[in-house]
Amino acid sequence: MISARNPDQLLYRLARRLSGGWLCAVMACLFLAGWPAAASAAEYHLKTWTVENGLPQNVIRGIAQTPDGYLWIATLDGLARFDGVRFTTFNKSNATGIASNRFSRMVQDRSGDLWLSTESGGLTRYHGGTFHSFGPEDGIPAGSVRAVLRASAGGIWVLSEDSILRFNPQTSDFMDVTPADAKVRYQPLVWDSAGFWAQDSTGLHLFIDGRFTSYPLPAWLSEKPLWGVGRDQGGGLWLEAADGRQGIIPPGSQTVKPVDTKHPQTTPYVDSNGRQWTIRISGRLSRQLEVQSSGHIAIIPMTRVFEDKEGNVWIGTEGDGLYQLREETITVYSKAQGLIDKGAYPIYQDKSGTIWIGAWNLGLSSFRDGRFTNYSVAQGLPAPLVSALGGDRDGNLWVGTHGDLAVFRNETFHTPDVFLPEHSVVHAILQDRGGTLWLGTTNGLVAYRNGQSRIITEQDGLASNDVKIIIESASGDLWVGGFGGLTRIHGSQFTHWTERDGLPSDNIRSLYEDADGVLWIGTYDGGLGRFKNGQFTRYSEHNGLFNNGVFQVLEDGRGNLWMSSNRGIYRVSKNDLNAVANGRQTSITSVAYGKADGMLNEECNGGMAPAGIKTKDGKLWFPTQDGVAVIDPGTVWINHQSPPVMIESALVERVPANIQNVLRIPPGKENLEIEYTALSFVRSEQIRFRYKLDGLDSNWIDAGARRTAYYSHLPPGTYTFHVIAANSDGVWNTDGQSLTITVQAPFYRTWWFIAIVALFIAALIALAVYYRISQLKHTQALQKAFSQQLIASQESERQRIASELHDSLGQRLLVINNLLKLVLGKQNKGIAPSQETMQEISGETSLAIQETREISYNLRPFQLDRLGLTKAIEIVGRTVSSASRIPIECDLDNIDDALPENLRINFYRIVQESLNNVMKHSQATEVTIRIIRNDERIVLTVRDNGVGFMPTNHPSKGGKSGFGLTGMAERAHSLGGVFRFRSAPTQGTTMTVEIPIDNR
């Protein structure tokens, strides 16, 4: 029984079954050509790949699809493997086993292996991922192969010289099957590697599908040698002589019928889905495929035709590259079809089924029974720019134009008595179930009923005065959206929401309430919103929405929401949307439609309601910048095949790595790139990927359409890389592919090295502890010695002071006391003291005062408190210079405020002790005192040109007021500074103290 569900397929099968001769075949072909089927109306999108897109060469010699899903294209400059997005080229420079790049034919055997013949007479087989070129050792004479073909059962036949060889897959041998009485020179058929042919005085000889057949040739054709023979899809044989004359042998016939070459000859081609095309046959048996595309007939010069597992039709050409034919999903009505203008905006279907389309600046169009009727200002339209469409219960059409409003009734435009806000434009029109007509304008919402108009604004509770869309819910509430937020009107109660309340955007373009009472909110720039039970859910590009623009939301009968945007039309499963809202999944899958699906311009229009409709027949109409895009969701083909996933290659530090079995990454290599793909040729660019590296990633990484995973700085260990993919319709291959990765540790991260390092560190710690303890003991010893020296110095200082008080100041006070007693004794006797006695008392008193001052100065110089630290140092320098007769140069920055008052004496004593050492030990003739101050530190330098000394023999004891270099170092340390000195015999001595100011 022959099913008549698909007329194209029915007629094709009829043509194949008819065997009553040439007349029946011709009648079937004519019947096919004249059948008013979908093929005459179907439009196809042509997608082309050439060398500019990665194809190695534009002449196609074969197309095949291997079991793993890759498409292979043989060219005159190598073999290309194609995944729908990227070409990978194999040639003699990068693939072992390929002897020549100029392939002439390619066929595929029953096991999926590829067989290729070359122009130089070679034969190459692709088996198990490797290439092998056959030679004499395989039973194929060098340079002898002229063609290779595949029988219907999958066997391989090779035309070698004048012999036909059959390949035995069990023994991998070639067997000559040419009959002894049929030793003629065969040639390959010119179309699709269908067989071999030869000509001799007895006629035409064919080898097709493992069988030898012969046909007698008429005298008019046998007089000249044949140029070529081809076999069409229906089994007809096309012959051409060297002088250009052509003939055809219909299926089942032995007679050659002449062909009028002055008129183009055609033959049908029908794919597995019953879609029909016409193939023109011209000189030299060249073929051109006729394809209805973008409203006109496209002519493709073809050499090969191939249909893949998903039903895509691929066309190979002689120099124009590779074509893919895909039936367009979208039908467009634009100016060429009768629309008044390209730019369409509001669309509305009235009660009679007529569809009305408002244009941007030329008027209004109606579509009924396949015909357009246009209306402009000349027919009474108030203005050419139509901004809104709607209807009332009486069947009247309400038309909003730029600055005015009209009612179309009885084929005439009327002006209603509706009062609109000043300088407003109507963007939305709706009549509710109660009969009130609502008009959304740029300056508020207008309620019109029984000839009365009421204007509602933000002061009444609207979220915004700029209203873009109005719908009525199942409960009778009114939902109003616009530029400013969302408003619900429940009776006289207003409630509004903005972005602060969870709205995806304040710029609302569309509203739709589904049968479950869920409100779907389309925005201009914030994606899609879902509102149910007071909760908002936002969908955006971040979690899988195709675009953040949602100008209209329409629901089909399959549970999908269709949306329009500036980048095209797309659909999302409502189940996926609800699953995200309920927390069952985190992302959605969008299926996008654009120019490849029939749109003339992908930019859709919105903001003037309705921005799209679902008509009574279930079709979806969307306005665009070039016409109206119409989709029949019921006929949209959905690809339910999950795509095979392949891990193609890996790069370690940008160098290709072997991924057979396990990928091993040597020590020190940190950057890893893994390239993967999924093999679906239906909107390949919309395939989505997710990947995860077990041992590193805790969750799946959504890679979108990206086909490379990047990792850097992987710690040593073993990981498993997983990748899964979904086709353009969101069908996931959850098994995906996996790759085991071993990152080898460098020697310094191996256990034995870590153990050695641990022992070494432990030894270092022990040594450091020992050194620290020794250092602490040494420090304690120094501190003890210093304390003892300090105590001894203090005791020496006390003894010195006591000695001076007793021996010097005490003796003078005793002399003064005795002299005073002498004077008092004389006064008691009435004798006046002599002048000499009084002068002696005065002299002794002066000396006592001077000695008291010296003692006081040695304890703390008074200049330090009266004149400041800088002046005191200058004075001590002059004093020492005067006492020692050594010239002392002072170059001092002002440091009076640089040190705390209680610490200034320590700085002074360092200078004083240095000068004491110079006087006692240096034998110097020049001394320099220099103090330099900046924002960070004070640097004191005392330098002499004396005899110097070896540092190991330096004097450690000072003079009266100190205790040598040790004391100076301790004083410098108490100031937070560093004490240094440098000396050598005959080289003088330099003492330096650096004190940071910021520590003060």
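Arg654 is exposed, with a relative accessible area of 68%. Here exposed means over 50% relative accessible area, buried means under 20%, and partly exposed lies in between (1.4 Å probe, protein chains only). Salt bridges that share partners join Arg81, Asp83, Arg86, Glu648 and Arg707 into one network. A salt bridge is a side-chain nitrogen of Lys or Arg within 4 Å of a carboxyl oxygen of Asp or Glu.

This is a predicted model, in which local features need pLDDT of at least 70, side-chain atom pairs count only at pLDDT 80 or more, and totals for chains, interfaces and linings use all residues. Residues are numbered from 1 along each chain as its sequence is written, and side-chain values use heavy atoms, with hydrogens and water left out.

Arg654 has a salt-bridge partner. Glu673 forms the bridge with Arg654, and the closest N and O atoms are 3.6 Å apart. The pair links distant parts of the chain. Glu673 sits in strand β59 (residues 671-678), while Arg654 sits in the loop between β56 (645-652) and β57 (655-657). The two are 19 residues apart. Glu673 is buried, at 13% relative accessibility. Helices (H or I, at least four residues) and strands (E, at least two) are DSSP runs, numbered from the N terminus.

How many salt bridges does the structure hold? There are 31. One of them joins Glu318 and Arg61, with the closest N and O atoms 2.6 Å apart. Glu318 lies in the loop between β26 (313-317) and β27 (322-327), and Arg61 lies in strand β2 (residues 60-65), so the pair ties together parts that are 257 residues apart in sequence. Is Arg61 buried or exposed? Arg61 counts as buried, at 16% relative accessibility. Glu318 counts as partly exposed, at 47%.

Stay with strand β2. Ala64 lies in this strand. Ala64 is buried, at 4% relative accessibility. Which residues touch Ala64, leaving aside neighbours within four places in sequence? They are Tyr70, Leu71, Trp72, Met106, Gln108, Leu114 and Phe306. Contact means heavy atoms within 4.5 Å. Take Met106 from that list. Ala64 and Met106 are 42 residues apart in sequence, and their C-alpha atoms are 7.8 Å apart in space.

Strand β8 (residues 123-127) pairs with strand β9 (residues 130-133) in the antiparallel sense, over four bridges. Two strands pair if DSSP finds at least two bridges between them. Thr124 stands opposite Ser133 in β9. Two residues lie between the strands of this hairpin. In the turn, Gly128 has a positive phi of about 60°.

Now turn to helix α5. Lys574 and Glu555 meet in a salt bridge through their side chains (2.8 Å, N to O). This pair also links distant parts of the chain: Lys574 is in helix α5 (residues 574-581), Glu555 is in strand β49, and they are 19 residues apart. Lys574 is buried, at 10% relative accessibility. Glu555 is buried, at 16%.

Which residues of α5 are buried? They are Lys574, Leu577, Asn578, Ala579 and Val580. The buried residues of the helix pack against β46 (519-523), β47 (528-532), β48, β49, β50 (560-565) and β51 (568-573). An α-helix has 3.6 residues a turn, so residues three or four places apart point the same way. At the start of α5, a side-chain oxygen of Ser573 reaches to within 3.2 Å of the backbone nitrogen of Asn575. Just after the helix, Gly583 takes a positive phi of about 80°.

Where is Gln552? Gln552 is in the loop between β48 (535-539) and β49 (553-555). Gln552 is buried, with a relative accessible area of 8%. A polar atom of the Gln552 side chain lies 2.7 Å from the backbone oxygen of Gly612. Leaving aside neighbours within four places in sequence, the contacts of Gln552 include Ser510, Trp562, Pro610 and Phe622.

The last stop is on the surface. Phe760 lies in helix α6 (residues 751-828). Phe760 is exposed, with a relative accessible area of 53%. Phe760, Ile761, Leu764, Ile765, Leu767, Val769, Tyr770 and Ile773 make a nonpolar surface patch of about 800 Å². Patches are made of residues with over 30% relative accessible area and no salt bridge; like charges are joined within 9 Å, and nonpolar side chains (Val, Leu, Ile, Met, Phe, Trp, Tyr) within 5 Å.

Note on methods:
Accessible areas come from the Shrake-Rupley method with a 1.4 Å probe; for residues, only the protein chains shown count as cover. A polar contact is a pair of N or O atoms within 3.5 Å; within protein, one must be able to donate a hydrogen and the other to accept it, and residues adjacent in sequence count only if both atoms are side-chain atoms.
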